[in-house]
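Please report on the salt bridges, strands, pocket and cavity of the structure below.

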Amino acid sequence: MEILDLLMLVYVFVLAIFVGFELITKVPPTLHTPLMSGSNAISGITIVGALLSAGAEEFTLSTILGLAALIFATINVVGGYLVTDRMLKMFKKK
Amino acid sequence: MQIVSYLIYLIASVLFIFGIKKLGSPKTARQGNMLSSLGMFLAVVVTLLDQRVLTFEYIIIGIVVGSAIGSVMALKVPMTGMPQMVGLLNGFGGGASALVAFAEFYHLSDVHSALDIPTSVTVVLSIIIGSVTFTGSLIAFGKLQEIVTGKVVKYPLQNPINVLLFLVSVAAGVFFVIDPAQIDMLFLIAGISLVLGVLLVLPIGGADMPVAISLLNSYSGIAASMTGFVLNNNMLIIAGALVGASGIILTIIMCKGMNRSLMNVVLGGWETAGGTGAAAGGDKAQKPVKSVDPEEAAMLFDSAQNVVIVPGYGMAVAQAQHAVRELANVLEKKGINVRFAIHPVAGRMPGHMNVLLAEAQVSYDKLYALEDINDDFNNVDVAFIVGANDVVNPAARHDKNSPIYGMPILNVDYSKTVVVNKRSLNVGYAGIDNELFYGDNTLMYFGDAKDAITKLVNEIKGL
């Protein structure tokens, strides 16, 4: 990776943070817990990296680390989305 | 093929953004969460088609094991245990990012002879942030689950040790970037960061957990972003940045809710609380407290027109949310207007009270945030405090010597009558006496929240 490539990624990072700020300031306090668990599930996106490492052809140290990462990330993703849905189901207006 | 997968990664990123946008209203929130999970599903499927993925045994094992643990956790956890659940999930996310960075490092050093500077820098950052998030979250989980003490823990040379450890890991990072063949440095960095996570969260007290959990949530996002830099993947960077921003905003809201700086919370603050708390406790004995029995309390509620219920962590501990809803129902049947006032830092995580009340089937339009209800307490006949303490202490408004001076509070003392349900006159988290309890218009209704409220409901029904 060249420094310029890195800079392009930094661009995306900074802009995405601004998008995040704009979106999240609009979330009402009543939904702060589901926001947290739902965004937490999104941070499990690191699962993509785990899949790449765990699926390598040769079995190396990298595969073991990838498998551990995959288990962690899957717990994060599956647990996070399910528990968020469980909570959001309860928010009702009568 | 790569073009297709890049496009699908873009779609997934857009779905994450839309998902969070829809979390802006309780009506669309559930749909938003589903959009976001669809994005995740697409991202996973496309990754499985990547040319680097050649064997599937370990992937199947990982996904099956992870999904099983994740679903059991998500379906079994009681709503009162939500703060520790989120804490734990943060930890897994952070840990996964650190592990991915390690795995990528080994993969890249096999493929290329030497790592370039941008890659090695981001590997180091992923490992630092991911490891701190991992152990920090485990300690936060332990504190919330009461495995680790919920008290503020102080150890000698607390700050110098943390700063020193941080500097050593930065130095090791620099050595690694200069010469990426020094794998020892990566292990050193990981080890120090794991210790640092423990040391940073250990001093934070139980009631400051909303800040700690929000901050760790932010870290788990930033760790995912850093992994995106390592993998050169924009989708990871975007998703991680969204989470990072979300955590930071919640952290700021929580700090404002306590009128404290982030540094003060992280360093285990409210240091002055011990001194003034003891002083305030000293003259407690002289002050008269008016207490009330269920029958009198029932009559008081019965003659009210406007009732506001203020829940706090005590409601969660006593699992009294269903009893509270029962009370609201009984009063509403009598034509009494019942609302709920929720302080931003009530409970152990942002929005904790709202989730418990939603579980008890309280309609969300009856839940009012501090700024939406505070000017209306003058018109309230009965304010009913259930397990909240410091957030309703009027000393925060006028007593410059109070450690909580300046903290925004719910002005319940402006109501005609305040009924406080509490087990005893014990102090709250800030360690100070609550002058609300001795107010002329305050009645103490002692007892365990669940029992006391159930008794109250029966009395009101009998009237």
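B:K416 and B:D381 form a salt bridge, with 3.3 Å between their closest N and O atoms; a salt bridge here is a side-chain nitrogen of Lys or Arg within 4 Å of a carboxyl oxygen of Asp or Glu. This pair links distant parts of the chain, 35 residues apart: B:K416 lies in the loop between α17 (395-398) and β5 of chain B, and B:D381 in the loop between α16 (370-373) and β4 (382-386) of chain B. Helices (H or I, at least four residues) and strands (E, at least two) are DSSP runs, numbered from the N terminus. B:K416 is exposed, with a relative accessible area of 52%, whereas B:D381 is buried at 16%. For these classes, buried means under 20% relative accessible area, exposed over 50%, and partly exposed in between (1.4 Å probe, protein chains only).

The model is predicted: local features need pLDDT of at least 70 and side-chain atom pairs count only at pLDDT 80 or more, while totals for chains, interfaces and linings use all residues. Residues are numbered from 1 along each chain as its sequence is written, chains are lettered from A and ligands numbered from 1 in the order in which they are written, and side-chain values use heavy atoms, with hydrogens and water left out.

Over all chains, the count comes to ten salt bridges. The table gives three of them.

| Salt bridge | Closest N to O | Accessibility of the Lys |
|---|---|---|
| B:K416 with B:D381 | 3.3 Å | B:K416, 52%, exposed |
| B:K334 with B:D302 | 3.4 Å | B:K334, 36%, partly exposed |

B:K334 and B:D302 meet in a salt bridge at 3.4 Å. This pair, too, links distant parts of the chain, with B:K334 in the loop between α14 (321-333) and β2 (337-342) of chain B, and B:D302 in helix α12 (residues 294-302) of chain B, 32 residues apart. B:D302 is partly exposed, with a relative accessible area of 31%.

Next come the strands of chain B. β5(B) is mostly covered, six of its six residues being buried. From β5(B), B:T417, B:V419 and B:N421 point one way, and B:V418, B:V420 and B:K422 point the other way. In a regular strand, side chains alternate between the two faces of the sheet.

Which strands pair with β5(B)? β4(B) runs parallel to β5(B) and is joined to it by five bridges; strands count as paired if DSSP finds at least two bridges between them. On that side, B:A383 stands opposite B:V418 in β5(B). β6(B) also pairs with β5(B) in the parallel sense, over five bridges. There B:V420 has B:M444 of β6(B) as its bridge partner, and B:K422 stands opposite B:F446. Strand β6 (residues 442-446) of chain B is largely enclosed by the rest of the structure, because four of its five residues are buried.

In helix α2 of chain B, B:V44 is buried at 14% relative accessibility. Its C-alpha atom is separated by 20 Å from that of B:Q31, 13 residues apart along the chain.

On a 1 Å grid over the protein atoms alone, a cavity is a set of points where a 1.4 Å probe fits but cannot get out, and a pocket is an open set with protein on both sides within 12 Å along at least five of seven lines; lining residues have an atom within 4 Å of a point. Grid points are joined across faces, edges and corners, and a volume is the space filled by probe spheres set on the points.

The largest pocket holds about 1,000 Å³ of space. Its lining has 37 residues, and B:Y313, B:G314, B:R348, B:G428 and B:Y429 lie nearest the centre. α13(B) gives the largest share of this lining, three residues. Domain 2 (78-266) and domain 3 (284-461) of chain B each contribute at least three residues; the domain bounds come from an automatic or database domain assignment.

The structure holds one cavity of 30 Å³ or more, with about 40 Å³ of space in the largest cavity. Both chains are represented in its lining, including A:L35, A:I42, B:I20 and B:N33. α2(A) supplies the largest share, four residues.
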